[in-house]
Every structure is written in structure tokens, then in C-alpha cells.
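Subject: Structure for your review

Dear colleague,

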Amino acid sequence: MKKERDPTPEELEKLLAWLDSDRDEAGRKYKTIQCRLIRIFISRGCIDAEMLADEVMNRVAVRIDEIVKTYEGDPARCFQGFAEKVCLEYFRDLKRRSEVDPPSYDVNNKNEFERQREREQEDNCLNRCMDELVIADNELFRRYFQDEKRAKIDARKKLAAELQLTANALRIKAHRIRLRLRRCMEECLEAIRES
């Protein structure tokens, strides 16, 4: 994902003035919008939610002169539009990175055998952690993250309907399962390192 440059102090001042003429109120609105963006990114399963929210804030600030001239309505909605684009870029980059083979060398000078062993340990920990989930959560997690593109969207709609959940409630539930799995994986890998 292409990172936006940091906004200048003048651009930040213009952004705050756009949010509200009262500087204190503008600061509160800025923080509220930033927190809302973080929640949006978390609900969509983005690991770097704070960094992505900062990226949205920077993109809006850098383009504030254009935005002020053309945008009408609640400024918070403008930020949400930028968040959609940042989210798409984030997942596109994640997919691209997962499709590229890792380099044949490592900064820690680990040989191929050690890297293969680490991957096997991670796979074993993931399988163990998946097995520790209750059956319903295991099934939900597998179904939520299967498929790609349109098939994924359709599968998630079907899953939400089966569970009588809204799309957002399903997303939050999947995110919470993912967090539990991550904690379990970290504990498992830590235990392996200590043994």
C-alpha cells in the first residue's frame, strides 16, 4: 500500500478548521473520527487498524484544499470513503505478499531447514488451537475465511443468515475468534521456544 506523506502543519490546521470552527471541538471531532476508523478497520479484520486510521487521516489532510472546495455534508462520511479505499489496498497488498515466496535468505541467517521447522511448528500450533475451539466457532471461522471475491461475499451472507446474525455481528464474531486463535498461537509458539 502506498503511504501518504505526512501533512504539513498548515494542512492539519485547515483540516481542523473544516471539522469545526471551535478548535477544541475540532480536536474532539478529529479524535472521534479516528476512533471510529480504528473500529471499522478492526471489524474488517485488519491487524494494523491504528496505522490504517492514521493513513486515512493523512490522506484527507493532504487533500484538504480539494476536499473543502468540492465536498458537501458530514466530514465523517468523507473519512469513511477514504477508509474504504485504504482497506481495499490493505487486503490487496496482504494477498500479494502471501502469493510471493519468501526470500531464500533471512536477516537472522537462518538456513532453510530452520525456516521449514518454524513453519511446521506454526502449522502444528494452528491445528492445535483450531481443535481447542468449540465446534461451532471452528466451523464459523473456517467458513468465514474460505473462498475468494464474490464467492466469499455470498458465503458470508449465507452464513450470517444461517446464524441469524447481521453481517456486522458476524464480522465481529469472526474477529473475536481470530484474536483468540492468535493468543493461543502466541502461547503455543512461546511454549515451544522455551522447551
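Cys125 and Cys188 are both buried, which here means under 20% relative accessible area with a 1.4 Å probe and protein chains only, whereas over 50% is exposed and anything in between is partly exposed. A disulfide, that is, a pair of cysteine sulfur atoms within 2.5 Å, joins Cys125 to Cys188 with an S to S distance of 2.0 Å, and the torsion of -75° about the S-S bond makes this link left-handed. Because Cys125 lies in helix α6 (residues 112–132) and Cys188 in helix α9, the pair ties together parts that are 63 residues apart in sequence; helices are DSSP runs of H or I with at least four residues, strands are runs of E with at least two, and both are numbered from the N terminus.

Please note that this is a predicted model, in which local features need pLDDT of at least 70 and side-chain atom pairs count only at pLDDT 80 or more, while totals for chains, interfaces and linings use all residues. Residues are numbered from 1 along each chain as its sequence is written, and side-chain values use heavy atoms, leaving out hydrogens and water.

The whole structure holds 2 disulfides, and Cys129 and Cys184 form a disulfide with their sulfur atoms 2.1 Å apart. The torsion about the S-S bond of Cys129 and Cys184 is about -90°, so this disulfide is left-handed.

As for Cys46, its sulfur is 4.0 Å from the closest cysteine sulfur, in Cys87, which is too far for a bond.

Best regards
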